[in-house]
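Work through the exercises below with the sequence and model open. Try each task before reading its solution.

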Amino acid sequence: MFDRLMLLLAWIAALLFVAAGVMLTYEVVARYFFIRPTIWAAELSQLCLIWGSLLGMPWALAARRHISVDAITRLCKPGMRRLLEIIAMTVVLVFSVMVTFKGWEIFLESFERGRTSGTMLDLPAWVAEIPVVIGFALLAVQAVIEIVGVIRGKDIPEGGARMTIILTLAAMFALLLIRVPVAFALGGLGLGMLIIGGFSPLMAPQAILSTLDGFILLSVPLFLLMSNILLRAGVGNDLFAAVSAWVGHWPGGLAVATILSCGVFAAISGSSVATAATIGTVAIPEMIQRGYNKRFVYGLMAAGGTLGILIPPSIPMIIYGFVTEESVIALFLAGVGPGIALLLLFIIYSMIYARFGGQEREPKRGWDERKRATLKALPAVLLAVLIISGIYSGAFTPTEAAAIGFAAALLITAAMRVLTWKALKLAIFDTMATTVAIILIIAGAKVFGKAITLYRIPQDISMMITQGIDTELGFILVVTVVLLIMGLVFEALSMVLIMTPVLLPAALALGFDPIWFGVYMVIMVECALITPPVGLNLYVIQSVAKTRLGEVARGVLPFLLLMFLTAAILYVWHDLALYIPFKL
């Protein structure tokens, strides 16, 4: 019965995200076509994000959709894995119980004093606060169920400031390496530090609420809805066919078509995993059938997918902007130059590889075939143009752009009759699962960030770095090494959330532009996406190609070197990122 309840709540959460997209789309249409902007769309859609993210938590835990680090536990024997799983779920349980009780205190105070949101709708404040209590109470119950299940044999999926810093980082790594979900490792550690430091544990639910109250985060589920709908509708097939019709006869034509298709889809979805999965499903069998080396194909596709988080819109850039309070639009514009540079380097390498590897060229397509393929893919290209031009012209915010993109993707795929009802349901539900995982990591990182700020850890690390390193190059080398090491065990989003508050103060002290530093971090995060053992793109391509992880990892090495070259060019020539947003 509890499983059925959690599934029902998960579906409610998924539909709430859809409702947010519909309301924001209506807001844009009402504003521009009827000159009657709403006073309710933004606030109600924000409530949809709060309720949806928290109601989906228990199901996500039961389905193991929360992001965890498996690098160590996969090597353990079954008995030790069960013990570590019990410890991990106990951390989730304790954190959930604490947040539930403290959240209840906040709710009671708001309810008794009659506090309101203070917005145009002036809703009761408890409407946004009670889902914290409900969500984490249900999560605590689910954690108990998981602990009991493991005990019963359920299968488990595969000194001064300096001393404080060391102990904090050691505790964080210890929690993550025993497979505590990233969100709860960060949140639990942050809550523990608040209690030990004598600070009020009320800060934990307050930090979670303040995180979910960020309007910019609404773009995460909406961009994911758009990309998942396009993925399930098979739009990647049409896009790849159209690009192949134009460049397939070049040296390494299919490889070039794959990279360009990744670039276009990246400009639609903002998601690296969605880009790799969508284009990889079509391109991998096609290239292997035409005689391309398998390792080259796997590496190309895994690396090509990383364009999804550099070429705007980009979900990691949205998160970086949210954490640092920098302009997301400026970050998007700053990603254009490095994104194009990386795309060109991939193309040049692919053409050289094909030329000296003896790869035969494809026959040149006729104009009629090109025309048919282009017309079929034109809606996807126009969707990318709509989103990018709308954001950069100021017609709508990145969040509204995501809502418009979701609505447009729905209309396009419905009009083309390529989206079935079953595919739509899968797209909506998968969006919910991914959104819950992402939003909870952000919330957990917010609690952790609050704690380490009160302990002055970022400031102390910044001082240690600036005192020990007095050159920009030295600092960038340290940042690169740290992010690459973290990339061996952390996924991309965790790296952005954990390391930005730690590294950014030192970067600012040395005179780096925060927008430029954000782009550099994203490039390093791209490298993390294709480095084992936790490179998500490697797992996506492994799943799509049904091959071994080692094959994909070996194939990606040349492209990893090209990404390092792009980072080096960006360091030498800052205007590669800063020219478009600030000088054009």
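The model is predicted: local features need pLDDT of at least 70, side-chain atom pairs count only at pLDDT 80 or more, and totals for chains, interfaces and linings use all residues. Residues are numbered from 1 along each chain as its sequence is written, and side-chain values use heavy atoms, with hydrogens and water left out.

**Exercise 1.** Describe how α22 and α25 pack.

Step 1. Locate the helices, which are DSSP runs of H or I of at least four residues, numbered from the N terminus. Helix α22 spans residues 514-529 and helix α25 spans residues 575-582.

Step 2. Take the geometry. The axes lie 9 Å apart, at an angle of about 130 degrees. Axes are lines fitted to C-alpha atoms over the stretch in contact, and angles run from 0 to 180 degrees between N-to-C directions.

Step 3. Classify. Under 35 degrees counts as roughly parallel, over 145 as roughly antiparallel, 65 to 115 as roughly perpendicular and the rest as oblique. α22 and α25 are therefore oblique to each other.

Step 4. List the contact (heavy atoms within 4.5 Å). I515, W516 and V519 of α22 meet A577, L578 and F582 of α25. This contact has six nonpolar residues, no polar and no charged. Ala, Val, Leu, Ile, Met, Phe, Trp, Tyr, Cys and Pro count as nonpolar, Asp, Glu, Lys and Arg as charged, and the others, Gly among them, as polar.

**Exercise 2.** Do likewise for α4 and α7.

Step 1. Helix α4 covers residues 78-113 and helix α7 residues 182-196. Their axes come within 10 Å and cross at roughly 60 degrees. That makes α4 oblique to α7.

Step 2. V91, V92, F95 and M98 in α4 touch F184, G187, G188, L191 and I195 in α7. By class, seven are nonpolar, two polar and none charged.

**Exercise 3.** Which helix gives the most to the lining of the second largest pocket?

Step 1. Find the centre. Of 19 lining residues, V323, K446, G449, T453 and P501 lie nearest to it.

Step 2. Assign helices. α14, α18, α19 and α21 each supply at least two lining residues. α18 gives the most, with seven.

Step 3. Sort the lining: eleven nonpolar, five polar and three charged.

**Exercise 4.** What is the class make-up of the lining of the largest cavity?

Step 1. α10 (235-247) and α16 (367-393) each supply at least two lining residues. α16 gives the most, with five.

Step 2. The lining has eight nonpolar, no polar and two charged residues.

Definitions and conventions
On a 1 Å grid over the protein atoms alone, a cavity is a set of points where a 1.4 Å probe fits but cannot get out, and a pocket is an open set with protein on both sides within 12 Å along at least five of seven lines; lining residues have an atom within 4 Å of a point.
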